There are 2 protein chains.
Amino acid sequence: MTKADTAGSAGPSKPKGWNKEWNGCPVRYAAGVFGDKWSFVLLRDVLLHGKRYYGEFQRSEERISTNILANRLAHLVETGMLTRHIDSTSRNKVFYRPTAKSRALLPAFLGVMVWSTEYDSCTEAPDSFAKAFRSDPKGTIAWYEAEIDKVDAALPDPEP
Amino acid sequence: MTKADTAGSAGPSKPKGWNKEWNGCPVRYAAGVFGDKWSFVLLRDVLLHGKRYYGEFQRSEERISTNILANRLAHLVETGMLTRHIDSTSRNKVFYRPTAKSRALLPAFLGVMVWSTEYDSCTEAPDSFAKAFRSDPKGTIAWYEAEIDKVDAALPDPEP
DNA sequence: AATATTACTTGCAAAATGCAAGTGAGATGC
DNA sequence: GCATCTCACTTGCATTTTGCAAGTAATATT
């Protein structure tokens with residue numbers, strides 16, 4: 001068994017309620033896919049911060065522990081939010097790419113950010129962001145989509 | 001000490017990372033406020049299903065256990081998403097009302113629902129919902145806002 | 001006065017999380 | 001060709017959170 005095949009084979013089990021019965025209702029479904037702190041933060045890293053490599057996620061400022069990171073990445077792959085690839089230029093590295101499904105979350109995600117900048121008194125997001133999104137949501141979404149495309153275009157050929 | 005004063009005084013402690021350091025970044029802030037299964041589902045009940053009373057939340061189909069329910073309601077009150085009131089017509093009952101802050105989440109919330117209806121193959125949401133939101137987001141939001149107003153208008157005079 | 005409701009609280013077992021220390025495959029240096 | 005390093009996880013164990021069942025106190029009902 002190679003290292004690349006073992007991902008998600010062990011470690012902590014999934015959070016409660018992340019089973020087949022936890023869908024049907026759209027809110028419940030969403031909660032099952034990204035309704036926990038770490039999945040949410042990882043999606044941010046992928047969609048907004050251009051992070052793709054395991055090591056990049058690990059180094060992000062929230063300091064997720066490595067077993068939870070592995071578990072959540074596997075969960076996001078399982079739920080079709082990310083795809084996992086071996087870096088062809090350095091076969092011991094792995095990267096994760098957002099899928100159409102996770103990219104389709106961008107509008108809602110940005111909506112949440114606008115809400116946060118309005119209600120978090122210590123927000124670090126510039127006022128210009130909320131302003132831009134409110135005056136031209138489609139344009140703002142398109143800008144983020146383009147950024148994602150740029151990041152993915154710079155990645156090596158995905159191996160599997 | 002009266003019963004009405006004891007809410008949130010004990011029970012399980014808050015989930016990790018729900019402290020003062022977990023803000024700044026808008027995504028982290030949002031995760032701190034409603035980035036867990038139960039808070040998310042409770043907000044759905046309040047914003048979309050017109051639920052207001054402790055007993056109503058308890059009876060909703062996900063069967064939240066009563067200690068977690070009390071804990072999450074207290075958390076949502078603390079974070080300014082809900083206000084807690086004693087029912088003046090039956091002083092052993094308590095209801096919770098959405099604030100401007102939680103109502104401001106409606107657009108993002110509905111965006112998430114549209115996403116779910118698109119990607120959950122067993123979604124129970126009608127196709128008409130996503131269609132309506134996509135063709136007229138503002139109108140759809142306004143409709144839900146009006147529903148919330150109706151529910152709140154039917155409530156007894158809030159006591160404290 | 002007795003019983004029922006309602007909104008929680010408490011105790012305990014089960015599960016998830018966090019941390020530190022592995023492990024094994026592939027890259028790198030010499 | 002072998003030691004060393006990097007990288008992506010895994011494992012074990014202590015701590016924390018969750019879930020369940022059984023209270024409890026205040027108010028309402030009969």
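Predicted model: local features only at pLDDT ≥ 70, side-chain atom pairs only at ≥ 80, totals over all residues.
**Entry 1: how the chains relate**

I superposed chain B on chain A. A rotation of 180° does it, with 0.0 Å of shift along the axis and an RMSD of 0.0 Å. That is the relation of a two-fold axis. I then asked which surface each copy uses. Of the interface residues of chain B, 100% are also interface residues in chain A, so the copies meet through the same surface.

**Entry 2: the fold of chain A**

I counted the elements of chain A next. There are 8 helices and 2 strands. Along the sequence they run α-α-α-α-β-β-α-α-α-α. Chain A has 160 residues, and 35% of them are buried. I also looked at sequence separation. Taking contacts in chain A with a separation of 6 or more, 52% join residues 24 or more positions apart.

**Entry 3: the interface, from the side of chain B**

**Entry 4: H6(B) against H8(B)**

I stayed with H6(B) and looked at its packing inside chain B. Its partner here is H8(B), residues 137-153. The two axes come within 10 Å and cross at roughly 115°. That makes H6(B) roughly perpendicular to H8(B). The crossing is right-handed. From H6(B), the residues in the contact are Leu106(B), Pro107(B) and Leu110(B). They meet Thr140(B), Ile141(B), Tyr144(B) and Glu145(B) of H8(B). The contact of H6(B) with H8(B) divides into 5 nonpolar, 1 polar and 1 charged residues.

**Entry 5: H2(A) against H4(A)**

The axes of H2(A) and H4(A) come within 10 Å and cross at roughly 75°. H2(A) is therefore roughly perpendicular to H4(A). On the H2(A) side I find Trp38(A), Ser39(A) and Leu42(A). On the H4(A) side I find Ile68(A), Arg72(A), His75(A) and Leu76(A). The classes in the contact of H2(A) with H4(A) are 4 nonpolar, 2 polar and 1 charged.

**Entry 6: Leu43(A)**

I looked up one residue of H2(A) by itself. Leu43(A) sits in this helix, which spans residues 37-47 of chain A. Is Leu43(A) buried or exposed? The cut-off for buried is 20 or more other C-beta atoms within 10 Å. Leu43(A) has 22 C-beta neighbours inside 10 Å, so it counts as buried. I set aside its neighbours within four places in sequence and listed the remaining contacts. They are Phe34(A), Met81(A), Ser102(A) and Leu105(A). I also checked Leu43(A) against Glu118(A), 75 residues apart along the chain. Their C-alpha atoms are separated by 21 Å.

**Entry 7: Phe129(B)**

I went back to chain B for this one. Phe129(B) lies in H7(B), residues 127-135. It has 16 other C-beta atoms within 10 Å, so it is partly exposed.

**Entry 8: a positive phi in both chains**

I finished with backbone angles. Most residues other than glycine have a negative phi. I located Arg63(A) in the loop between H3 (54-58) and H4 (66-78) of chain A. It is exposed, because 7 other C-beta atoms lie within 10 Å and the cut-off for exposed is 12 or fewer.

I repeated the look-up in chain B. Phi of Arg63(B) is near 55°, again positive. Arg63(B) is in the loop between H3 (54-58) and H4 (66-78) of chain B. With 7 C-beta neighbours inside 10 Å, Arg63(B) counts as exposed.

Definitions and conventions: Residues numbered from 1 in each chain as written. Chains lettered and ligands numbered in written order. Least-squares fit on C-alpha atoms with pLDDT ≥ 70 in both. Contact = placed C-beta atoms within 7 Å. Helix = DSSP H or I, 4+ residues; strand = E, 2+ residues; numbered from the N terminus. Axes fitted to C-alpha atoms, helices over the stretch in contact; angles between N-to-C directions. Parallel < 35°, antiparallel > 145°, perpendicular 65-115°, else oblique. Left-handed = near helix turned anticlockwise from the far one by under 90°. Nonpolar A, V, L, I, M, F, W, Y, C, P; charged D, E, K, R; others polar.
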